[in-house]
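Please consult the sequence and the structure shown below while reading.

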Amino acid sequence: MSNLELNNQGKELKRVAGPLLLWGLGVGYVISGDYFGWNFGMLAGGFWGLAIATVLMAIMYTAMCLTIAELATAIPFAGGAYAFGRAALGPWGGYLAGIGVVLEYVLAPAVIVNGIVGYVNVLFPGVPDWAWIIGFFAIFLALNVFGAKTTLTFELIMTSIAVVGLFIFAALAIPHFRLENLLDVVPNPGQSEFLPAGFFGIWATIPYAIWFFLAVEGLPLVSEECKDPVKDMPKGLISAILTLLVTGAIVLFLTSGIGGANFIGGSDSPIPDALALVFGESHSLVKILALIGLAGLIASFNGIIFGYGRVVFSLSRAGYLPRFLSKVHPRFRTPYVALLVGGLIGAVGAILGNGDILIQIAVFGAVISYIMMMLSAIVLRKKNPNMPRPYKVPGYPVTPYLALILAVFALFAGFFYAPKVILWTILAYALFVAYFAFYSRHHLVAKAPEEEFALLKKAEEELG
């Protein structure tokens, strides 16, 4: 690593988050995935194809969260996947992991805001979609700039409303559940009602199954704003994934069991649409659940904006991305430039892009970061067995290896289902890699926390 720069003055974040706020952020990152996005997988592989894929991804995310809890307590910096990759695999490993998270977190709000528009149109029809998109980005970028404590408190409130809403939905849905509704996707020639697209359909639904859990792994991005990351981060990660396992099962089975897999697979607002079949479109319960669904989508929208601000900030602070992106607001101590630039990209993507394609790109970037994080955990155990690990992943080495294998499986699913999208994503990745290879790796910042940590560990290895 050459030409290391040293200046990082004024680029520190404020510690405000305890375990409850971490749970709210961890679940809030994801909760929109229960209200919108996952259902498109029904048309790709049928209900049971999506259900099998969801079980596989539930195993992957549970194993991954347990592994990340170890990494986050040993390396408690705002970079998340980038910080872990940097410590274990060097600058290239950190950069590749970090760019995966950037793709995931900058594009996910573009998908979610379209889900928000779908729910808002149920309540307030007639307003142009682009106006809603610009309005929601403006409001929540402002909220995130004004302070982490305000943002996380709002996140906790929205997340709690959304989770309660799913249990209300369950109570309303259970009496109307019909098993035969799960099998109404017309099978492809030679296939069965159980797997209408065959075993290929399971692969095709992987990106949508991931939507039930996507972004929970980003909780370590708030490590530098966590009051006690060593104690609180494992609590936040584990409580969040357990909550999401329950809510995902509720939504997958009950929404499809009421509305039918074929109908729900094409819905922009699956929960209200399912209830409308039972109670009628104008029923107050449908409107209430649409409003609660809006809270869930807003929770994820707000939370992921918070998250991409941190990962872009960390990569910029260390010199991997342009340095101006790591400027911190002098009063609110928030990474306002990273937030605003990411918001501009997200808003343009939401207005001009295709939601299905954006999901594929975001998932591809996420899975790259998952692979890098699991490799980081395994490599660090071998390279630095005596590193302080206040929390140790249970079941090592099976747990990280299981998550790694399933992440590789998920990565190839995108190639089979949307090869053109993945090729464009690889091209975008290649541009980032070229920027790093020819410029930013020669201007890394030694005083960035992740760089200091990595350099210290390297020196210890050489001395030991």
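Which backbone oxygen lies 2.8 Å from a polar atom of the side chain of Ser326?

## A buried serine in a loop

The model discussed here is predicted. In it, the backbone oxygen in question belongs to Arg323, and it lies 2.8 Å from a polar atom of the Ser326 side chain. Ser326 itself is placed in the loop that runs between helix H11 (284-317) and helix H12 (336-352). Its relative accessible area is 0%, and because buried means under 20%, Ser326 is classed as buried.

Arg333 also lies in the loop between H11 and H12. Although Arg333 is not a glycine, it has a positive phi of about 55°. With a relative accessibility of 23%, Arg333 counts as partly exposed.

## The nonpolar core

The largest nonpolar core comprises 166 residues, and those with the most contacts inside it are Tyr29, Tyr61 and Tyr370. Helix H4 (residues 81-123) gives the most to this core, contributing 24 residues.

Not counting residues up to four places away in sequence, Tyr61 touches Ile210, Phe213, Leu214, Val216, Glu217, Ile241 and Tyr370.

## Helix H1

Helix H1 covers residues 19-30, which makes 12 residues. From its first C-alpha to its last, H1 reaches 17 Å, close to the 16 Å expected at 1.5 Å a residue.

Is helix H1 largely enclosed by the rest of the structure or largely open? Of its 12 residues, 10 are buried, so H1 is largely enclosed. The buried residues are Leu21, Leu22, Trp23, Gly24, Leu25, Gly26, Val27, Gly28, Tyr29 and Val30. Their cover includes helix H2 (32-35), H4, helix H6 (148-173), helix H8 (229-259) and H11.

## The largest pocket

About 510 Å³ of space lies in the largest pocket. Its lining consists of 25 residues, and Leu103, Val106, Leu107, Ile345 and Phe432 are the ones that lie nearest the pocket centre.

At least two residues each come from H4, H12, helix H13 (355-383) and helix H15 (419-438). H12 gives the most to the lining, with 7 residues.

## Backbone features in other loops

Two further loops hold backbone features of interest. In the loop between helix H7 (198-210) and H8 is Ala215, which has a positive phi of about 95° although it is not a glycine. Ala215 counts as buried, at 1% relative accessibility.

Pro397 is found in the loop between H13 and helix H14 (398-417). The peptide bond that joins Tyr396 and Pro397 is cis, with omega about 5°.

## A proline within helix H8

Pro234 is placed in helix H8. At 7% relative accessibility, Pro234 counts as buried.

Which residues are in contact with Pro234, leaving aside its neighbours within four places in sequence? They are Ala69, Thr73, Pro229 and Tyr391. Pro234 and Val393 are 159 residues apart along the chain, and their C-alpha atoms are separated by 9.8 Å.

Technical notes: Residues are numbered from 1 along each chain as its sequence is written. This is a predicted model: local features need pLDDT of at least 70, side-chain atom pairs count only at pLDDT 80 or more; totals for chains, interfaces and linings use all residues. Side-chain values use heavy atoms; hydrogens and water are left out. A nonpolar core is a set of buried Ala, Val, Leu, Ile, Met, Phe, Trp, Tyr and Cys residues joined through side-chain atoms within 4.5 Å. Buried means under 20% relative accessible area, exposed over 50%, partly exposed in between (1.4 Å probe, protein chains only). Helices (H or I, at least four residues) and strands (E, at least two) are DSSP runs, numbered from the N terminus. Contact means heavy atoms within 4.5 Å. A polar contact is a pair of N or O atoms within 3.5 Å; within protein, one must be able to donate a hydrogen and the other to accept it, and residues adjacent in sequence count only if both atoms are side-chain atoms. The expected span of a helix is 1.5 Å times one less than its number of residues. On a 1 Å grid over the protein atoms alone, a cavity is a set of points where a 1.4 Å probe fits but cannot get out, and a pocket is an open set with protein on both sides within 12 Å along at least five of seven lines; lining residues have an atom within 4 Å of a point. Grid points are joined across faces, edges and corners, and a volume is the space filled by probe spheres set on the points.
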